[in-house]
There are 4 protein chains.
Amino acid sequence: MDADSPRPRAGEPRPRCAEATSAALLDAAAARFARDGYEATSVRDIAADAGVNPALIYRYFGSKEKLFVSVVSRDRDPATVIDGPMDELPDRSVTWFHNRPPAIAGEHPLALMLRSAGREGVSDLMRAQVRDTVAALAARLDGPDAELRAAMILALNVGMGALSSIAGVDVLMAAPPDRLRDHLAAAMMPLIDVPDAATTTPQGAEKTTTAESPANP
Amino acid sequence: MDADSPRPRAGEPRPRCAEATSAALLDAAAARFARDGYEATSVRDIAADAGVNPALIYRYFGSKEKLFVSVVSRDRDPATVIDGPMDELPDRSVTWFHNRPPAIAGEHPLALMLRSAGREGVSDLMRAQVRDTVAALAARLDGPDAELRAAMILALNVGMGALSSIAGVDVLMAAPPDRLRDHLAAAMMPLIDVPDAATTTPQGAEKTTTAESPANP
Amino acid sequence: MDADSPRPRAGEPRPRCAEATSAALLDAAAARFARDGYEATSVRDIAADAGVNPALIYRYFGSKEKLFVSVVSRDRDPATVIDGPMDELPDRSVTWFHNRPPAIAGEHPLALMLRSAGREGVSDLMRAQVRDTVAALAARLDGPDAELRAAMILALNVGMGALSSIAGVDVLMAAPPDRLRDHLAAAMMPLIDVPDAATTTPQGAEKTTTAESPANP
Amino acid sequence: MDADSPRPRAGEPRPRCAEATSAALLDAAAARFARDGYEATSVRDIAADAGVNPALIYRYFGSKEKLFVSVVSRDRDPATVIDGPMDELPDRSVTWFHNRPPAIAGEHPLALMLRSAGREGVSDLMRAQVRDTVAALAARLDGPDAELRAAMILALNVGMGALSSIAGVDVLMAAPPDRLRDHLAAAMMPLIDVPDAATTTPQGAEKTTTAESPANP
DNA sequence: GATGAATGAGCTTTCATTCAT
DNA sequence: AATGAATGAAAGCTCATTCAT
């Protein structure tokens with residue numbers, strides 16, 4: 001589409017090294033997909049950014065879609081954020097949120113996928129990964145509605161990623177990390193440690209009572 | 001692309017009425033854009049759904065992009081959710097979240113835009129709308145970091161919309177509305193009513209205290 | 001590929017008539033496919049020859065392959081040659097051979113297909129048509145080995161078409177029609193009217209005897 | 001394209017022998033070209049079949065087209081069929097037709113070329129070879145229209161090869177050799193030995209007479 | 001002698017868009 | 001007001017071919 005992108009190095013003629021080339025393609029693809037979405041990114045753009053010929057995308061990845069899968073599968077490590085003490089989850093989120101690899105500029109992998117959900121293969125991959133993450137997170141939560149709460153925790157993370165990277169809400173990125181963490185913790189902790197009353201009081205009964213009529217028609 | 005969409009009415013030969021035609025186009029476009037995203041939706045799909053000739057899109061809207069802008073601008077009413085008592089914001093969010101207009105099927109307008117942010121004009125529009133919403137919300141918030149907190153509140157809403165509509169996390173849509181509201185309130189209230197001491201005192205203890213109140217209203 | 005072809009008319013801007021356009025495309029495609037084969041012919045070539053935009057091929061025919069099918073199916077009329085008295089078959093062959101439409105330059109439709117048998121769909125179509133023709137011709141033949149003889153009659157026609165149009169053996173096209181007919185009749189009649197002896201003498205027995213050992217292992 | 005071909009031997013690591021390598025390439029190319037045609041055959045297919053690197057095709061043959069030329073030029077021996085008594089030509093045709101070299105699987109070299117006549121160089125080669133064959137055959141024929149009759153004899157052979165190998169008319173291959181020969185002789189002899197009166201007398205009667213002799217040898 | 005890396009040109013196809021009626 | 005015809009540009013992808021090792 002356009003060519004206003006960080007061509008890696010224009011002088012050196014790219015060493016004939018398969019590993020370096022495919023890595024460069026992955027980096028360029030990650031940045032383009034994150035910035036413009038799957039459909040709006042052309043293989044020619046990616047190749048130009050990586051400083052190589054578009055045909056190499058097919059040599060190394062087989063297709064544009066497989067390249068996308070490789071991008072979102074690379075370094076996908078929900079455990080990185082999920083593992084560890086749960087009450088430090090907000091801290092890890094902030095850290096992860098601010099210490100992102102340069103290629104995927106501040107983009108949560110899920111946010112990256114959100115905007116690329118047009119194609120079948122992409123949607124399926126995304127759904128699977130989202131569900132895995134929700135399940136993994138829910139497994140770490142005690143109390144009722146673990147899955148619902150896990151989904152909301154993820155929603156908070158994904159929403160912040162989307163807003164900052166896609167919508168360009170710079171107040172999120174520009175905020176001092178500790179302020180970000182404080183408020184994120186304030187919002188996230190009630191979802192992680194549901195207050196005692198919620199589990200001790202006969203809320204389970206209440207919930208069922210209340211929900212029965214409208215929830216499952 | 002495909003044609004499995006609500007063709008308006010096959011019997012009547014569409015009255016030669018500009019207003020009705022452009023309205024039909026807007027409806028069809030909203031549904032398609034929400035379901036498939038901007039790039040994956042073709043003007044021929046939209047026109048076919050509306051039962052009119054694709055050229056009319058250009059007659060009435062000028063371009064596909066302008067049609068998209070018209071769609072996301074129509075009925076955009078952040079005030080609907082923002083207006084009202086702040087401590088009922090979670091309730092309004094849940095209500096709005098569950099009572100969505102039929103055309104934009106269960107899709108938060110922002111989530112709709114998230115996945116369509118490839119093209120320049122679309123991105124710009126979305127950014128503007130997001131910033132307006134953040135600003136409007138921040139204006140209703142007291143205490144420090146109002147804009148940051150507003151962005152996080154929006155992030156929570158957007159994240160939930162994205163997860164449920166794009167990623168298909170059905171636990172969000174299937175949850176009983178009051179459970180959804182309880183947990184959403186638990187997460188959101190600390191961002192709305194930041195406890196006075198939040199900036200000075202060690203917040204871990206405060207936070208729990210603060211969260212208790214909205215969780216059990 | 002190249003553009004050394006009979007652009008239809010360069011002055012008039014092609015009347016906006018669907019029928020004329022698709023006919024022009026069919027003509028151009030027939031000529032190109034006949035001259036260069038299916039694979040070596042590009043849709044750009046065809047469109048350029050027809051003086052229209054390549055996209056119209058897809059508007060009117062759906063794909064390159066479907067265009068090809070349309071070409072070989074158009075005016076395919078084996079009956080034209082087969083119908084009529086069998087002893088005038090050579091005359092009809094010559095007539096048909098010499099009175100071809102200008103677009104398909106001297107090309108037997110089967111010869112046209114012969115060189116385009118790469119793609120699956122093309123091969124299948126061709127096989128079907130060849131078998132139909134053989135069967136139709138065999139039905140008109142009396143005596144033994146009707147199908148084999150029919151195949152050989154077809155082979156003679158196809159071979160002449162291939163040699164003259166593909167291999168450029170101009171002695172076939174340049175020959176006076178009556179000389180062509182005389183020799184063609186000389187070769188073809190023994191296949192059409194197998195001499196009495198062949199059917200009356202105990203050749204059937206002979207044949208079987210001879211053939212038994214090697215023919216069906 | 002696919003890889004369902006006779007990979008030479010997978011155990012031995014191909015000796016670094018130029019002659020063996022180029023021979024392997026020629027064999028693989030002949031099989032592929034015959035089976036799939038020139039355009040549908042890729043140099044990668046050929047190289048994979050031969051078990052070598054595609055670049056070697058360029059080392060040994062210079063280009064895909066030159067490789068094709070080498071294939072069709074190898075063992076081209078029209079004399080094999082043409083040499084010998086003319087009245088045994090049908091027998092030799094049948095023999096040659098049924099005893100084909102294993103590499104060019106059942107494919108008449110001319111039929112092979114017929115379907116590969118797209119590219120310039122290929123067409124030229126084919127035309128030259130066809131003309132040489134016609135000329136050589138015509139030189140063996142007495143009487144009028146020698147070249148025309150030679151072309152028709154060749155057309156019969158080529159047509160049968162094309163029909164059987166390309167169009168899959170199995171009645172030709174499945175026929176008992178002597179039936180094939182009988183009918184082929186019946187059609188071919190009138191072209192070889194043109195009856196003296198053929199040009200002057202009404203030929204219908206003569207023709208039958210002429211044909212009788214070869215049909216029942 | 002042989003190979004993996006890299007390239008440029010071309011292909012079929014789709015799409016937003018405009019023109020003429 | 002509305003439509004079918006036509007177009008230019010670009011997309012994903014494949015292939016023959018060359019380069020460097």
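Helices here are DSSP runs of H or I with at least four residues, strands are E runs of at least two, and both are numbered from the N terminus. This is a predicted model, where local features need pLDDT of at least 70, side-chain atom pairs count only at pLDDT 80 or more, and totals for chains, interfaces and linings use all residues. Residues are numbered from 1 along each chain as its sequence is written, chains are lettered from A and ligands numbered from 1 in the order in which they are written, and side-chain values use heavy atoms, with hydrogens and water left out.

Q: Where does D:F61 lie in chain D?
A: Look between α3 (55-60) and α4 (64-73) of chain D: D:F61 lies in the loop there.

Q: Why is D:F61 called buried?
A: Buried means under 20% relative accessible area, exposed means over 50%, and partly exposed is in between (1.4 Å probe, protein chains only). D:F61 has 13% relative accessibility, so it counts as buried.

Q: What is D:F61 in contact with, leaving aside its neighbours within four places in sequence?
A: A contact means heavy atoms within 4.5 Å. On that basis D:F61 is in contact with D:S22, D:L25, D:L26, D:L56, D:K66, D:L67 and D:S70. Take D:L25: it is 36 residues from D:F61 in sequence, yet the C-alpha atoms are 9.6 Å apart in space.

Q: Which residues of helix α4 (residues 64-73) of chain A are buried?
A: They are A:K64, A:L67, A:F68, A:V71 and A:V72. These residues cover an arc of only 130 degrees around the axis, which puts them on the same side of α4(A). The arc is that of the directions from the helix axis to the C-beta atoms.

Q: How many helices and strands does chain A have?
A: Chain A has 13 helices and zero strands. As for burial, 51% of its 217 residues are buried.

Q: Why does C:H183 count as buried?
A: Its relative accessibility is 3%, so C:H183 counts as buried. You'll find C:H183 in helix α11 (residues 177-192) of chain C. Not counting residues up to four places away in sequence, C:H183 touches D:D145, D:L148, D:R149, D:M152, D:L191 and D:V194.

Q: What makes A:R181 and A:D91 a salt bridge?
A: A salt bridge is a side-chain nitrogen of Lys or Arg within 4 Å of a carboxyl oxygen of Asp or Glu. Here the N to O distance is 3.4 Å, and the two side chains meet in a salt bridge. A:R181 lies in helix α11 (residues 177-192) of chain A and A:D91 in helix α6 (residues 89-98) of chain A, so the pair ties together parts that are 90 residues apart in sequence.

Q: Why is A:R181 called partly exposed?
A: With 30% relative accessibility, A:R181 counts as partly exposed. A:D91 is partly exposed too, with a relative accessible area of 28%.

Q: Which residue forms a salt bridge with C:D145?
A: That's D:R179, with the closest N and O atoms 2.6 Å apart. C:D145 lies in the loop between α8 (120-139) and α9 (146-166) of chain C and D:R179 in helix α11 (residues 177-192) of chain D, so the pair joins two chains.

Q: Is D:R179 buried or exposed?
A: D:R179 is buried, with a relative accessible area of 3%. C:D145, at 21% relative accessibility, counts as partly exposed.
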